[in-house]
Every structure is written in C-alpha cells, then in structure tokens.
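Trainee: I would like to go through some labels on this model and hear what stands behind each one.

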Amino acid sequence: MNKSIIANVMPEETRVALLENGQLMEFSVERSESGHLVGNIYKGKVKNVLPGMQAAFVDIGREKNAFLYMGDTGRQASARYLTVGQDVLLQIAKDAMGDKGPRATLSLTLPGRYIVLMPTVDYIGISRRIGDETERERLRQIAEKIRPAGMGVIVRTVALGKSQDDLLQDMAYLANMWSTLSARTKRINAPALIYKDADLVVRIVRDYLTHDVSEFIIDSREAYNRVIDLLRYISPELIDCVSLYEPTAHESDVFSRFNLETSLESLRDRRVDLKNGGYLVIDHTEALTVIDVNTGKYVGNTNLSETVFQTNLEAAAEIARQLRLRDIGGIIIIDFIDMDKAEQRSAVLSALEAALKNDRTKSNVLGITSLGLVEMTRKKARQNLNGMLHSPCPCCMGKGRIKSAETVIIDIKRELRNLNKRSRFGGSLVLQVHPQLAGFLEKQGELKRLEQETSRTLMVEGVATMSPENFALLWKPD
C-alpha cells in the first residue's frame, strides 16, 4: 500500500491529510486559536465532587472545568477520595464538545516514538497491531527490563523489530521528562498547565510517520525544518521521505496541488455516493451516528439478493473510510440493506471488520442483526470535523428543516384572527416576512384574502435579515 502524508501549515491553522493509494483516508485540522487539549497534563483544583456519579469537576484554568470520572481508573476508583479544594494531577482524555467541558483521567501517559510511559500505572501493554506472538513476547521482555519500578509501559507499533537500545533511549527521555514534570508540579499553584502535548505536525511524525509511508510533503519551510530536526534524533532513516513543497504561481498551497479541497468539501454532505450507484446517508445525533445504506441507481446483473449483497460489500469499505475521514466516534448504528442469507450477512460483517483494521483509532463491532443493523463503537477523543468546521444554520438551528411557506402563512392567519378578537382598533397592518414568503403571498393571492377576512389593509414588507420561519405584525394607525 502506498501511503502519503500531506501537510498544509498556516499561522492560523494546520491541516494534514493521509492518502492511501492516492485516496484521501484521514484528515486532521488544528487551529492556533482553539488549540488542542488531548494529552495535556494539568494541576487542577477540585471544584465539585459528585459521589453518586463517581466523578468530580476540576478547575484547570480554562473556560470550562474538566470532568473527571473516577470509575475508569485503576486506582482511587471512587470520588470519595477527592475533596473540594484539593489539588489533583490529571490529563485530558477528550476535548470539550458542545456544551460539555473536556474529560480527564488520573491515568497519565507520556508518548514517545517507540513507547508510551504511564508513570501512575503498573502495567505493560503491546500494540494490538503487532500480531506476531514471538515479537510481542520479545518486546514485552524488553519493556519489563527498561521500565522504572512501579511505572507502566505501552510498546507502540513502530517499535516492531527495534532493539533494546532503541527503546531504552526512548525510555530515558520520557523518564527524565516525568522527573521534570513532577518537580514542576510541586512548585506551581493550581490551576496550571504542567505539560502540553506536541502540535499537530510533530504528532503526525510521532504517531504516523513509519517506514510504510513513501512521502511526507510539507508546504511550510519552518515546519519542514522542525520535522527534519526531530527525525535526525528519533528516526534519521526516514528523512529522505520528507520534502518541502513550494507552491507555484497557480497553486495556493499543497492541498491544491493534490486536488484535496474538493474531497474535503464533500465532508459537509450527508450523502456519500458509492461507485456502483448506491449511496450512504450519514446522520448525527447527540448520542450516536446513524449510517443508512441504499441501492440507489444500482440494479445489479443477476438477482435482487446479489444486488443487495454487492451494495452492502462496497458500503462496508466506504463506511470504514468515512469513519476515519470524518473522525466519527462514539456509538455508531449502520443500517445495511436486508440480506436473507446468513452467509451474506457474515461476509459483509467480515468486510467491515477487515476495512477497520487500517484504522488507528480503536473500534469494536458488536455484530449484525437479522434486520441488517450493525452496532459498533469507535473511540472518541476529539471533536469531530463536522463540529469543528461547521456551525448550526441560523435559520433551522441545526435541525436541517424549516417550516414550509404554507405553514408560516397558517401561523400568520392564526395570529391575525387572534389579533382581531383582542383589538377593535382600526388602521392598517404591516406584515414583515422574509422576501421569499412575501413573493409567495402575492402570487397565491393570499394577501387579498387576508384583507377581506380581517377587514384591514395589509402591507407586506420583505426583510432579508428575517428567518423564513418568522414574521412580525406592526400596527400602523390611519
């Protein structure tokens, strides 16, 4: 598989795209103003304890307090160990989303190139992407030798085939960092930032740049130099795959060079077309994401059963891609087209699971029902792209629908009739509506009918700034 990483760096925003065989598979964006909280370590001050929820709210010096759930930690599994005003060291596990503040944990992690140090947990873990049991055992033994007493280690995928010296160098760097952070924690008053995770470009080098990446193209000289300096220290053999892109007069940035803007613009769409003529519809609710599969224009070549099966197979691969591309997390329900044969349902489920193996974010497929519904979860750490790049429509407030012209006219009639019952004053009325509704009223002859019914003179005024759902009635004395 040919992998490419494309980075567009601006002072206000950094965008990174991951391509596999020329197809956009993952997209990350980080903005200087809003920042990135996941991975940051804070010395916080407990503001509120909720024993019934095994949780606490902790002031970390930002606009919203962090939510600390104690039930998912290996130690101090109850909020009763915390008191209001107590200082606590915690790490952000999920960015703030909507009205919710960031979610935090007491299980701290410091990521390196080959390993992740867990200074508060006594544990050894090996990346699930390393499948060879002999290699897993070799790495486990190395981790046991080099880890500090009482601390935990996770061996990352990129450590595959690396020597003990490689991992030991990483461990020495992380252990020294933890010693520095521990000393800083004792000196500083809460709330305060103790450790800030690296920016997006460095995280991409740390987490994504491996030997199977053929090219890493950056269009910022400053970012390019930082990447080269970092690779000289951690992986000098990968320097040759990094290149600086300087746009021509006809190209604004590297994303234009690789025609990525059109693909990114499609992330706004609910509908995703499949190559065979079928399509997906992706809808988000507050608690989950629902994906519906449809045959669309695809009519197949043999029979209905085979048509449905082939559509579902193609949909499974595209769904896995869309989950990565849109960074969809949480609970996900997939409504595949109904399949009569158990072997077909099993094959579609296997295809989905196989496609998800390329996803670095952990997911769990729970199975497929007789109705073709698949329940799955995908780890959610950051606000998804839809929430970051788009705001709710000011007209529909994110509902996706507004009242029809007929509905608004009925509302106007109802208000006029109520007004006539309440007031016997004469004079004309000015009806302020959106220009589209004003045109509809005149074309349909509704204005004359309303004047006859209410025995009033009605004047319609189009107001471009009004929502199509709203209207205003203003009394104008004769």
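Mentor: Start with patches: they are made of residues with over 30% relative accessible area and no salt bridge, with like charges joined within 9 Å and nonpolar side chains (Val, Leu, Ile, Met, Phe, Trp, Tyr) within 5 Å. A salt bridge is a side-chain nitrogen of Lys or Arg within 4 Å of a carboxyl oxygen of Asp or Glu. The model is predicted: local features need pLDDT of at least 70, side-chain atom pairs count only at pLDDT 80 or more, and totals for chains, interfaces and linings use all residues. Residues are numbered from 1 along each chain as its sequence is written, and side-chain values use heavy atoms, leaving out hydrogens and water.

Trainee: Which residues gather in a patch of positive charge on the surface?

Mentor: Lys94, Lys100, Arg128, Arg129, Arg360, Lys362 and Lys379. Lys and Arg count as positive, Asp and Glu as negative, and His and the chain ends are not counted.

Trainee: Why does Lys379 count as exposed?

Mentor: Exposed means over 50% relative accessible area, buried under 20%, and partly exposed in between (1.4 Å probe, protein chains only). Lys379 has 56% relative accessibility, so Lys379 is exposed.

Trainee: Why does Ala438 count as buried?

Mentor: Ala438 lies in helix 11 (residues 435-443). Its relative accessibility is 10%, and therefore Ala438 is buried.

Trainee: What is Ala438 in contact with, leaving aside neighbours within four places in sequence?

Mentor: Contact means heavy atoms within 4.5 Å. On that basis Ala438 touches Val433, Val460 and Gly462.

Trainee: What makes Leu18 buried?

Mentor: Its relative accessible area is 9%, so Leu18 is buried. Leu18 belongs to strand 2 (residues 13-20).

How values were computed:
Areas by Shrake-Rupley, 256 points an atom, 1.4 Å probe, with all protein chains shown as cover. Charge placed at Lys NZ, Arg CZ, Asp CG, Glu CD. Helix = DSSP H or I, 4+ residues; strand = E, 2+ residues; numbered from the N terminus.
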